[in-house]
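Here are my notes on the model, point by point. Please read them with the coordinates open.

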Amino acid sequence: MGSYTAVWMTSQRYRQLQDELAELRSQRSVEVPDDFMDYPPNRAARPSARQERMREIEGLLAIARLADDPAQKGIAEPGMVLTIRYDATGETETFLLGRRGAENADIKVYSMASPLGRSIAGARPGEQRIYAIPNDGGRLVTLLKAVPYTSHVAKTPQPQGLRLAG
């Protein structure tokens with residue numbers, strides 16, 4: 001039996017995927033004519049592409065880790081917004097650790113499979129980690145802060161209405 005890594009997602013995203021899967025399942029399969037040139041472009045997607053997307057969604061739903069907030073442990077894990085410092089330059093960066101496309105976030109997302117995601121996962125604030133970049137010896141980073149995504153969104157100022165100069 002193969003191993004898998006759970007994917008963190010909000011209950012809202014889980015419902016969106018369930019709805020998309022239901023929509024895909026309700027679509028009628030269209031037989032593709034022998035001469036593909038005659039296939040009308042406004043018809044539903046080819047059944048093979050639809051089936052592939054359905055399998056992808058089913059796989060995500062099967063390994064989904066539902067939680068509106070990861071535990072407030074301050075540990076770098078999927079679903080947390082991390083602030084790190086690049087020790088060589090002193091620059092900081094804030095990003096969501098998760099799966100690209102798993103959230104409709106207005107923030108940069110690094111996956112757990114990225115070099116930075118793999119190296120910073122499990123770190124606590126104040127911990128230093130080295131992450132390797134291809135053709136580079138590695139970079140030292142320090143985790144400054146880890147907060148749940150929903151806490152980060154609640155603290156982010158929302159844009160106000162536009163004021164027009166008169």
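1. Met80 stands opposite Leu97 in E4. The two strands involved, E3 (residues 80–86) and E4 (residues 92–97), run antiparallel and are joined by six bridges. Strands here are DSSP E runs of at least two residues, and helices are H or I runs of at least four, both numbered from the N terminus.

2. A word on the source. This is a predicted model: local features need pLDDT of at least 70, side-chain atom pairs count only at pLDDT 80 or more, and totals for chains, interfaces and linings use all residues. Residues are numbered from 1 along each chain as its sequence is written, and side-chain values use heavy atoms, with hydrogens and water left out.

3. E3 and E4 belong to an open sheet of five strands, ordered E5-E4-E3-E7-E6, with mixed pairing. Two strands count as paired if DSSP finds at least two bridges between them. E5 (109–110) and E6 (128–131) are the edge strands, each with a single partner, so one side of each has no neighbour in the sheet.

4. The chain as a whole has four helices and seven strands. Read from the N terminus, the order is β-α-α-β-β-β-β-α-β-β-α.

5. Helix H1 covers residues 11–26. The expected span is 1.5 Å times one less than the number of residues.

6. Which residues of H1 are buried? They are Arg13, Leu17, Leu21 and Leu24. Buried means under 20% relative accessible area, exposed over 50%, partly exposed in between (1.4 Å probe, protein chains only). Down the axis of H1, the buried residues fall within an arc of 80°, so they line one face of the helix. The arc is taken over the directions from the helix axis to the C-beta atoms. Exposed Asp19 and Ser26 sit on the face turned away from the buried side.

7. Look also at Thr10, in the loop between strand E1 (7–9) and H1. Thr10 is buried, at 9% relative accessible area. Thr10 and Leu66 are 56 residues apart in sequence, yet their C-alpha atoms are 5.9 Å apart.

8. Finally, the totals. Of the 166 residues in the chain, 33% are buried. The accessible surface is about 11100 Å² (Shrake-Rupley, 1.4 Å probe), and 50% of that surface belongs to carbon and sulfur atoms.
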